[in-house]
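The following note sets out points for a colleague who is examining this model.

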Amino acid sequence: MTEDGGTVALTRNESGKNGMPWTTSYADTLRDFELEAIRGLATGVLSKEQLEGLKSLKTSARYEYTGSGYFLTVADPGLPSERKTLSVPPLIGIADDVICGFIVFLGQHELTLECHTWGAVEVPADFRQRNVLVDEPSPENFIKPL
């Protein structure tokens with residue numbers, strides 16, 4: 001962590017991967033809209049205490065921007081060790097002309113939120129800084145998974 005509480009950038013080469021940037025953030029681990037998406041997908045899987053605990057996490061978060069969204073991973077001993085993928089109910093995030101979808105991955109005491117493009121405009125690198133509204137898509141705009 002930098003002296004001013006900022007972020008430290010690591011390259012994926014340093015972490016053994018393909019040269020894409022990784023950012024480790026020590027402040028504002030999860031934005032309000034990300035917490036809302038996690039709550040919407042993980043209710044009934046995570047306890048109320050686990051969901052509330054995500055608001056006050058002070059541990060580092062691993063952030064990977066993919067070019068069409070991002071993965072944000074937090075670790076906490078209170079999170080489940082069992083692997084689970086949560087994508088129901090389908091949730092979208094809307095900010096300006098960008099529409100995204102969300103998936104939560106649990107396991108090994110980690111939670112990963114995937115935010116991916118779900119429209120004609122790619123999720124930009126600055127999406128986390130935008131005013132994002134989380135909602136369920138209307139039934140006529142969504143094809144339910146099998």
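**Notes on the predicted model**

1. The protein has two helices and nine strands; helices (H or I, at least four residues) and strands (E, at least two) are DSSP runs, numbered from the N terminus. Along the sequence these elements follow the pattern β-β-α-α-β-β-β-β-β-β-β. The model is a predicted one, in which local features need pLDDT of at least 70 and side-chain atom pairs count only at pLDDT 80 or more, while totals for chains, interfaces and linings use all residues. Residues are numbered from 1 along each chain as its sequence is written, and side-chain values use heavy atoms, with hydrogens and water left out.

2. Of the 146 residues of the protein, 37% count as buried, where buried means under 20% relative accessible area, exposed over 50% and partly exposed in between (1.4 Å probe, protein chains only). The protein exposes about 8,600 Å², and carbon and sulfur atoms supply 52% of that area. Accessible areas come from the Shrake-Rupley method with a 1.4 Å probe; for residues, only the protein chains shown count as cover.

3. Contact means heavy atoms within 4.5 Å. Among contacts in the protein with a separation of 6 or more, 60% are between residues 24 or more positions apart.

4. Across the pairing, Ala61 stands opposite Val74 in β4, and Tyr65 stands opposite Tyr70 in β4.

5. Strand β3 (residues 61–65) contains Ala61, and four of the five residues of β3 are buried. Ala61 counts as buried because its relative accessibility is 2%. Although Ala61 and Leu111 are 50 residues apart in sequence, their C-alpha atoms are 9.9 Å apart in space.

6. Strand β4 (residues 69–75) has five of its seven residues buried, so it is largely enclosed by the rest of the structure. Seven bridges join β4 to strand β8 (residues 110–117), and the two run antiparallel. In this pairing, Ala75 stands opposite Glu110 in β8.

7. Which residues touch the most other members of the largest nonpolar core? Of its 33 residues, they are Ile38, Leu54, Phe102, Leu111 and Phe127. The elements that give two or more residues to this core are α1 (32–42), α2 (48–55), β3, β4, β7 (98–107) and β8. The largest share, six residues, comes from α1. Such a core is a set of buried Ala, Val, Leu, Ile, Met, Phe, Trp, Tyr and Cys residues joined through side-chain atoms within 4.5 Å.

8. Leaving aside its neighbours within four places in sequence, Phe102 is in contact with residues including Phe33, Ala37, Leu41, Leu91, Leu113, Cys115 and Val134. Phe102 is buried, with a relative accessible area of 3%.

9. The structure holds zero disulfides, a disulfide being a pair of cysteine sulfur atoms within 2.5 Å. Cys100 is in no disulfide, and the nearest cysteine sulfur, that of Cys115, is 3.5 Å away. Cys100 counts as buried at 0% relative accessibility, and Cys115 is buried with a relative accessible area of 1%.

10. Rings of Phe, Tyr and Trp (its six-membered ring) pair if their centres lie within 6.5 Å; planes under 30 degrees apart count as stacked, over 60 as edge-to-face and the rest as tilted. By this rule the count comes to three aromatic pairs. One of them is the tilted pair of Phe33 and Phe102, at 6.3 Å centre to centre with 50° between the planes. This pair links distant parts of the chain, with Phe33 in helix α1 and Phe102 in strand β7, 69 residues apart. Phe33 counts as buried at 5% relative accessibility. The rings of Tyr63 and Tyr70 have centres 5.4 Å apart and planes at 40°, so that pair is tilted. Tyr63 counts as buried at 14% relative accessibility, and Tyr70 is buried with a relative accessible area of 1%. Phe33, Phe102 and Phe127 form one aromatic cluster.

Definitions and conventions
Pairing = 2+ DSSP bridges.
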